[in-house]
Every structure is written in C-alpha cells, then in structure tokens.
Amino acid sequence: ISMFVYTYSYVQKGVTIRTGYNSENPADVAVILGAAVWKYNKPSSILKMRIDKGLQLYTKGTVKKLQLTGNNAPGELPEADVAFYYLLDKKIDPADVRLEAESRSTLDQISYIKNVLIERNGYQKIIVVSDAFHLTRIKEMAEFYDLKIDLVSSDLAMTGDSLRYYLLREVVGLINFWMFGVK
C-alpha cells in the first residue's frame with residue numbers, strides 16, 4: 001500500500017518540462033506516442049491533442065521531423081497511420097513524417113527510440129510528446145535506459161474522475177516497470 005501511495009503522489013506531481021529547442025536550435029525529431037483510435041479510424045481526443053502538440057512544435061520550427069508511433073487494436077488502423085492521416089489533413093509535408101506501427105506499449109516505444117532513432121539513425125536531440133499524466137513513466141523508462149530525451153506535454157486538460165483514472169493507470173504501469181521491467 002505504501003508503494004502505491006508513494007507512486008501515486010510521485011506520478012501526480014508530474015515532470016518539469018524544460019527544453020532548449022527553438023527554430024534556431026531545433027530538435028531532430030518529436031516522437032508522438034500513440035493513443036487510442038476511435039470508431040471509423042478516427043484519433044481519440046487524447047491522440048489528437050498529442051498530434052496537435054507535435055504539429056505545433058514542427059510548425060514553430062522547434063523540431064525538424066515528426067515520428068508517429070503505435071500499433072492497432074483488432075479491426076483498426078495502427079495509431080501511427082491514423083495520426084499520419086490526421087496530419088495530412090493539416091497540410092504537413094509527408095516527407096517530414098516517419099511512421100512506426102509495431103509498438104504496443106510505452107516500453108516498446110522507448111525501445112524504438114533507443115534502438116532505431118538513436119543507435120541506428122544517430123538522432124541526438126529528441127522530444128517525446130505525450131500527456132502530462134504519462135510523462136513521469138516515460139521519464140523513468142528513459143532514465144533506466146540512459147536515454148537523453150526531452151518531454152513535452154500535450155495541451156490535454158483533465159480533471160475529476162478522468163484524471164484519477166489515468167493517474168491510476170500510470171501508477172500501475174510505473175509499479176510494473178519498477179518491479180518487473182514491463183509496460
């Protein structure tokens with residue numbers, strides 16, 4: 001119980017976001033983590049907010065490219081594909097967008113950043129875009145794998161039961177990662 005209470009307050013406290021990137025010193029890539037896809041292959045509101053934040057970073061020149069991640073549930077397009085089609089509607093240059101549609105978890109996405117973006121492609125300046133409630137777990141995973149990444153929160157605002165639900169999910173996910181190295 002004490003571990004759960006500690007982790008809940010740790011996740012609720014969140015992550016302080018500081019990036020030194022701008023149009024004069026852009027990051028190589030913003031990795032937009034996948035989220036749920038709704039009926040008819042539409043991005044959920046959480047996924048939309050993540051994509052919109054990545055697009056904002058790209059449009060301002062804070063990042064050079066966007067990396068979309070995320071697999072699919074049965075009967076849906078992969079999260080990365082849905083995000084890509086959403087970006088195409090926003091008139092983004094498709095050459096500046098990469099897709100990774102195999103990852104099924106945050107840990108898979110962190111692994112992709114390490115093995116593909118950093119080790120294979122040589123990216124050094126990476127921003128990961130997700131929601132405020134998710135950033136603590138991402139930070140912990142990145143630190144465990146000795147990754148130097150910056151974190152940026154989407155503009156998603158949650159309160160009440162919705163926020164408690166996602167915080168509880170993050171607590172369980174973080175405890176699983178700390179204890180067993182999963183999720």
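Biologist: Leaving aside its neighbours within four places in sequence, which residues is lysine 90 in contact with?
Modeller: Bearing in mind that this is a predicted model, lysine 90 is in contact with Asp52 and Leu55 once those sequence neighbours are left aside.

Biologist: Switching to the largest nonpolar core, which residues touch the most other members?
Modeller: That core has 36 residues, and those that touch the most other members are Val63, Leu66, Leu68, Leu87 and Ile127. The elements giving two or more residues to this core include β1 (27-32), β4 (63-69) and α3 (79-89). There is also a second, separate core of 20 residues, with Ile113, Met141, Leu147 and Leu151 among them.

Biologist: What does isoleucine 127 contact, sequence neighbours within four places aside?
Modeller: The contacts of isoleucine 127 include Tyr21, Val29, Val31, Leu57, Val63 and Val152, as well as Thr62 and Asp150.

Biologist: Last topic: how do the axes of α5 and α6 cross?
Modeller: The axes of α5 (residues 132-144) and α6 come within 8 Å and cross at roughly 15°, and because angles under 35 degrees count as roughly parallel, the two helices are roughly parallel to each other. Their crossing is left-handed.

Biologist: Which residues meet there?
Modeller: On the α5 side they include Phe133, Met141 and Phe144, and on the α6 side they include Leu167, Leu174 and Trp178. By class, this contact has eight nonpolar, three polar and three charged residues.

Definitions and conventions
Residues numbered from 1 in each chain as written. Predicted model: local features only at pLDDT ≥ 70, side-chain atom pairs only at ≥ 80, totals over all residues. Heavy atoms only, no water. Core = buried A, V, L, I, M, F, W, Y, C linked by side-chain atoms within 4.5 Å. Buried < 20%, exposed > 50% of the residue type's maximum accessible area, 1.4 Å probe, protein only. Helix = DSSP H or I, 4+ residues; strand = E, 2+ residues; numbered from the N terminus. Contact = heavy atoms within 4.5 Å. Axes fitted to C-alpha atoms, helices over the stretch in contact; angles between N-to-C directions. Parallel < 35°, antiparallel > 145°, perpendicular 65-115°, else oblique. Left-handed = near helix turned anticlockwise from the far one by under 90°. Nonpolar A, V, L, I, M, F, W, Y, C, P; charged D, E, K, R; others polar.
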